[in-house]
Amino acid sequence: MKGFARENLLLSLCGLNCGLCTMRLGGYCPGCGGEGNQPCKLARCSLEHGGPAYCSGCGGYPCEKYQGFDDFDSFITHRRRDADLARMERIGEEAYCAEQREKVEILQFLLDGFNDGRRKSFFCTAVNLLELPELREAVRRLTAEPGGDSRPVKEKSACAVQLLRQAAEARQVELKLRKKK
C-alpha cells in the first residue's frame with residue numbers, strides 16, 4: 001500500500017506474527033508494510049490516524065474494524081493477536097521481537113529437520129500458539145532423541161508433531177487453523 005511502511009516485519013500492525021506465517025516463509029508475502037504487500041483496511045486506518053506502529057497504540061483500539069477479524073484464521077492463526085499485542089506493550093517491542101526471533105529460529109529448526117513435506121502449516125501454528133518454554137523443551141527433547149539425524153524424516157516429523165501436540169494438550173490449545181464457515 002502506497003505510503004505504508006514498517007520497520008518491524010515480524011509483527012504486523014494488527015498483531016499477527018508475520019515472521020511465523022507460511023506465506024512469508026514461502027516468499028509470497030513480505031509481511032505487513034513490506035514492499036509489495038497487499039492493501040489492508042487497517043493500514044489505511046493507520047495512515048489516517050497518524051501512523052501508530054501498532055493498532056494497540058491507537059486511542060480507538062479495538063475498533064469496529066476488528067469485529068469478526070479473529071473469528072477465523074488466514075494463513076496464520078489470529079488467536080493470539082490481542083494477547084501478543086498486549087505482551088509487546090507490557091515487555092516492550094525490543095524484548096517482544098527478541099522472543100519472536102527465537103520463535104522464528106525454532107520454526108526454522110523444525111522445518112529444516114522435521115518437515116516431511118506436509119507439516120509447514122502445523123509447525124507455524126504450533127510455534128505461534130505455544131509459549132517459548134514449551135517450544136524450547138520440545139527442541140531439547142528432539143535433539144536428545146536417540147538416533148537423531150539418522151532417522152528417516154517421516155519418523156522425526158511424527159516425533160516432533162507428538163511432542164508439540166502433547167504441549168498443546170497440556171495447555172488446552174488446538175493446533176489447527178480455524179477455517180471460515
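Me: What makes helix 4 and helix 6 partners in a contact?
Reply: Contact means heavy atoms within 4.5 Å. In this predicted model, local features need pLDDT of at least 70 and side-chain atom pairs count only at pLDDT 80 or more, while totals for chains, interfaces and linings use all residues. Residues are numbered from 1 along each chain as its sequence is written, and side-chain values use heavy atoms, with hydrogens and water left out. From helix 4, Glu99, Glu102, Lys103, Ile106, Phe109, Leu110 and Phe114 meet Leu132, Leu135, Arg136, Val139, Leu142 and Thr143 of helix 6. These residues divide into eight nonpolar, one polar and four charged (nonpolar: Ala, Val, Leu, Ile, Met, Phe, Trp, Tyr, Cys and Pro; charged: Asp, Glu, Lys and Arg; polar: the others, Gly among them).

Me: Why are helix 4 and helix 6 called roughly parallel?
Reply: Their axes, which are lines fitted to C-alpha atoms over the stretch in contact, with angles from 0 to 180 degrees between N-to-C directions, cross at roughly 30 degrees and come within 11 Å. Angles under 35 degrees count as roughly parallel, over 145 as roughly antiparallel, 65 to 115 as roughly perpendicular and the rest as oblique. Helix 4 and helix 6 are therefore roughly parallel.

Me: Why is helix 3 called oblique to helix 4?
Reply: Helix 3 (residues 81-91) and helix 4 pack at about 125 degrees, with axes 6 Å apart. That angle makes helix 3 oblique to helix 4. Asp84, Arg87, Met88 and Ile91 of helix 3 make the contact with Glu93, Ala95, Tyr96 and Glu99 of helix 4.

Me: What makes Phe109 buried, exposed or partly exposed?
Reply: Buried means under 20% relative accessible area, exposed over 50%, and partly exposed in between (1.4 Å probe, protein chains only). Phe109 has a relative accessible area of 28%, so this residue is partly exposed. Phe109 lies in helix 4 (residues 93-114) and touches Phe114, Val139, Leu142 and Thr143, not counting residues up to four places away in sequence.

Me: How do you know whether Cys55 is buried or exposed?
Reply: The relative accessibility of Cys55 is 11%, so Cys55 counts as buried.

Notes
Helices (H or I, at least four residues) and strands (E, at least two) are DSSP runs, numbered from the N terminus.
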